[in-house]
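Here is a short briefing on aromatic contacts. Have the sequence and the 3D view open as you read.

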Amino acid sequence: MPEVGAPAAALLGVLGLLVGSFLNVVIYRLPKMMELRWAAECAELQSSQPVPNTTPADSFNLMVPRSRCPHCGHQIRWFENIPVFSYLALRGKCSQCSAHISSRYPAVELITSALFAWCGWHFGVGWEALAWCSFSAAVLALAGIDWDTTLLPDDITLPLIWAGLCLAGLRITDTLLPDALWGAVGGYLSLWLVYWAFKLVTGKEGMGYGDFKLFAAFGAWFGWQALIPVILMASLIGAVIGIGIKLKGNLREGGYVPFGPFLALAGLTSMVFGPSAILAVIGL
């Protein structure tokens, strides 16, 4: 579809700032929500007493409690939570205790805004643009969560797979449904086979099941033809960054470098430039 210009890009770019602010909440809170849910399930299995009707989600979810400074507990007021602008106005510090606020918060907002603006520029304002905006938001959230926790939650990866298949079936994206179906199957099985081959040879787990699902989601959105370009780019970026982290001695405990963020970067690159462009950059 031809590029349609600035108005749609500006509109979706502003929307991207707001969504990016919400993604920061998702990246921080969703893993903690999962831990609370797992703890509650373990307690239920171990306890012989009746389980209260209340759940962890009653007191901690994506909506409650309101955001607070992790250092002093100051409740963030609405004018301190305006994407990017509040960070700049506060000079990256809490208004109460002057503790440093991570620059990742405005970075996520700006990246989301840029991706949404690209969708508006390329697709206009319509279902296809909104579909790819949703894809961008989900992939960014997964990248942030995986980098922090080495988790790729089913709460995001599984809906992403189904969304890719459904949108292909409805012809909202350009991917044909058979290509999307075999892309999802091929994406999952290829990394599943690599996982088991590595485990049989080394006795270690080289990646998690969330990586299989994320790669399957890319297959569903882009079709099976994109699998090789995406995995090649993700592997190349992962190798370069992993070696750099190892040389600096910054590997986390256990020596793990999550693969999800590199997959995410390759997937977003494929969205913007196309899978064939990835092969051209790599030199294949």
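**Aromatic contacts**

Y188, W192, Y195, W196, Y209 and F212 are linked into a cluster by ring pairs. The model is predicted. Across the structure there are 15 aromatic pairs. A pair of aromatic rings is described by the distance of the centres and the angle of the planes.

**Y188 and F212: a link between helices**

- Y188 pairs with F212 edge-to-face. Their centres are 5.5 Å apart, with 85° between the planes.
- This pair joins distant parts of the chain. Y188 belongs to helix 6 (residues 177-202) and F212 to helix 7 (residues 209-222). The two residues are 24 residues apart.
- Y188 has 25% relative accessibility, so Y188 counts as partly exposed.
- F212 is buried, because its relative accessible area is 0% and buried means under 20%.

- Tilted pairs fall between the stacked cut-off, under 30 degrees, and the edge-to-face cut-off, over 60.
- Both residues sit in helix 7. They are 3 residues apart, about one turn of the helix.
- Y209 is partly exposed, with a relative accessible area of 36%.

**A charge over a ring**

- R29 lies over the face of F60. The distance from the ring centre is 5.4 Å.

Notes: Residues are numbered from 1 along each chain as its sequence is written. This is a predicted model: local features need pLDDT of at least 70, side-chain atom pairs count only at pLDDT 80 or more; totals for chains, interfaces and linings use all residues. Side-chain values use heavy atoms; hydrogens and water are left out. Rings of Phe, Tyr and Trp (its six-membered ring) pair if their centres lie within 6.5 Å; planes under 30 degrees apart count as stacked, over 60 as edge-to-face and the rest as tilted. Helices (H or I, at least four residues) and strands (E, at least two) are DSSP runs, numbered from the N terminus. Buried means under 20% relative accessible area, exposed over 50%, partly exposed in between (1.4 Å probe, protein chains only). A charge sits over a ring if NZ of Lys or CZ of Arg is within 6 Å of the ring centre and within 35 degrees of the ring normal.
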